[in-house]
Amino acid sequence: SGNGGAAGGAESGGSGNGGAAGGAESGGSNTSGAAGEAMGVDCPALASPAGVVIDVAPDQADELHTIVDEAPAGSTIVLAPGTYPLARWLRFSRPGVTLRSATDEARDVIIDADYADAALEAVVINADDVTIAHVTVQRAADHPVHIYPPDGGPDLVGPRLYGVRLIDGGEQFLKVNPNGDRSAFVDEGSVVCSEFVMTEEGRPHVETLGSGACYTGGIDVHAGRRWLVRSNRFEGIYCTNGGLAEHAIHFWRGARDTVIERNVIVDCARGIGLGMGSGAADDVSSRTWEDAPYDGAPLGHVGGLVVGNVIWAAIDQFDTGIEIQQARLVTVLHNTVVGEPVLAGFFSSIDYRFAGTDVLIRNNYTRRITVRDGASGTVDHNVETESLAAFADPANGDFHLLAGATEAIDQGVAQSLAGLDIDGEPRTNGPPDIGVDER
């Protein structure tokens with residue numbers, strides 16, 4: 001982090017002034033579409049279930065953990081509208097199981113851990129190809145969703161969160177770990193069209209680790225490969241106790257080939273992080289790759305694409321938008337990372353740091369880009385300014401470029417990985433515009 005030292009602490013909390021990229025209120029929105037629609041992306045409902053379907057009603061909430069545990073491989077558990085207080089956490093140990101709402105609307109089905117010891121982690125995934133879709137999971141004392149391989153392996157692949165709402169995690173909302181002896185990892189996961197929201201009511205329940213820190217964040221993935229994080233919304237992940245929250249989206253300890261695309265991050269202490277720290281043993285993974293990239297150098301992240309994300313803040317706890325630390329072959333394109341002009345905690349829109357880092361940063365609209373501690377990078381065709389005059393209405397989430405934004409319009413360089421703009425349109429009208437919008 002900028003103000004928090006080399007690795008930073010952790011912190012979380014509620015929404016600040018309510019300014020919201022995409023315009024949704026703190027607390028989330030219709031997750032079947034709103035998180036993606038804020039970025040001009042269609043988020044249709046998950047396809048209808050096939051195979052074994054298990055229908056569950058709210059009056060079966062006490063049995064839900066058993067239903068999940070006994071669900072056959074490839075089956076779909078369909079929850080009728082209502083609230084499901086958890087008697088115990090839900091553990092998925094058979095491959096291909098799906099848990100979803102009957103209405104395909106996340107707000108209709110509330111899985112409520114109520115900060116209970118019996119459901120410290122509301123949902124635990126220990127099997128391949130498990131899908132959680134169109135439900136709300138809230139108030140877990142630790143992680144609303146925790147994914148890790150079983151002891152002894154093998155690697156776990158294909159977990160999917162789609163159209164979910166994760167609300168008020170006491171620790172990281174989605175935590176992804178290797179198994180205990182770091183012999184197996186979680187790869188090829190996806191988080192799409194979902195919301196991660198910390199509310200004011202949830203802030204007092206954030207884990208402090210006894211040190212006054214704030215141990216929460218949005219997505220926290222250790223040593224995973226080929227994950228996709230697309231068209232999600234993160235809001236209010238910060239604290240007011242002086243500690244620094246973890247990132248809305250963080251892949252580190254040897255993660256690789258992550259794609260982070262077209263997300264909206266509002267009033268979070270830190271936005272996106274790839275890698276962390278200077279390369280000490282605690283910061284990098286013991287995972288070894290067959291191709292031994294960079295001769296097996298200790299890296300926090302290898303490869304990866306960060307493209308078309310909006311990161312906006314109107315809170316003093318805002319520290320840094322995008323952090324690249326001890327990471328190589330990372331590409332950062334067409335992001336808009338800005339905030340209110342006077343923010344007490346602001347450090348940098350994009351910061352790349354440490355001698356092991358090599359990054360391409362291009363076509364981003366920012367307040368400031370910083371380089372520290374011997375990092376390397378190709379950094380060009382970016383805007384750095386405290387002015388918000390280029391945007392239609394940033395405080396209310398409208399980051400379309402105005403006609404007078406001459407510093408951004410047609411000032412970029414065409415990139416094959418640029419993807420779609422904020423409205424889901426290609427960047428093909430001459431030289432691309434800088435930032436998320438192609439006017």
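Tutor: A disulfide here is a pair of cysteine sulfur atoms within 2.5 Å. The model is predicted, so local features need pLDDT of at least 70 and side-chain atom pairs pLDDT 80 or more, while totals for chains, interfaces and linings use all residues. Residues are numbered from 1 along each chain as its sequence is written, and side-chain values use heavy atoms, leaving out hydrogens and water.

Student: What is the handedness of the disulfide of Cys43 and Cys193?

Tutor: The sulfur atoms of Cys43 and Cys193 are 1.9 Å apart. The torsion about their S-S bond is about -75 degrees, so the disulfide is left-handed.

Student: How many residues apart in sequence are the parts that Cys43 and Cys193 tie together?

Tutor: Helices (H or I, at least four residues) and strands (E, at least two) are DSSP runs, numbered from the N terminus. Cys43 lies in the loop between helix H1 (34–37) and strand E1 (53–56). Cys193 is in the loop between strand E16 (190–192) and strand E17 (195–197), so the separation in sequence is 150 residues.

Student: Which cysteine is joined to Cys214 by a disulfide?

Tutor: The structure holds 2 disulfides, and numbering the bonded cysteines in sequence order gives the pairing 1-2, 3-4. Cys214 sits in the loop between E17 and strand E18 (219–222), 25 residues from its partner. With S to S at 1.9 Å, that partner is Cys239.

Student: Is Cys239 buried or exposed?

Tutor: Buried means under 20% relative accessible area, exposed over 50%, and partly exposed in between (1.4 Å probe, protein chains only). Cys214 has 1% relative accessibility and so counts as buried. At 4% relative accessibility, Cys239 also counts as buried.

Student: On to the rings: what kind of aromatic pair do Phe318 and Phe346 form?

Tutor: Rings of Phe, Tyr and Trp (its six-membered ring) pair if their centres lie within 6.5 Å; planes under 30 degrees apart are stacked, over 60 edge-to-face, the rest tilted. By this rule there are 7 aromatic pairs. Phe318 and Phe346 are 5.6 Å apart centre to centre with 35 degrees between the planes, which makes the pair tilted.

Student: Which ring does the charged end of Arg203 sit over?

Tutor: A charge sits over a ring if NZ of Lys or CZ of Arg is within 6 Å of the ring centre and within 35 degrees of the ring normal. Arg256 lies over the face of Trp289, at 5.0 Å from the ring centre. For Arg203, at 5.1 Å from the centre, the ring is that of Tyr238.

Student: How many of the residues of strand E30 are buried?

Tutor: Strand E30 covers residues 327–333 and is largely enclosed by the rest of the structure. The buried count is 5 of the 7.

Student: Which residue of E33 is the bridge partner of Thr331?

Tutor: Two strands pair if DSSP finds at least two bridges between them. E30 runs parallel to strand E27 (residues 305–307) over 3 bridges, with Leu305 opposite Thr331. Another 5 bridges join E30 to strand E33 (residues 358–362), also parallel. In E33, the partner of Thr331 is Leu360.
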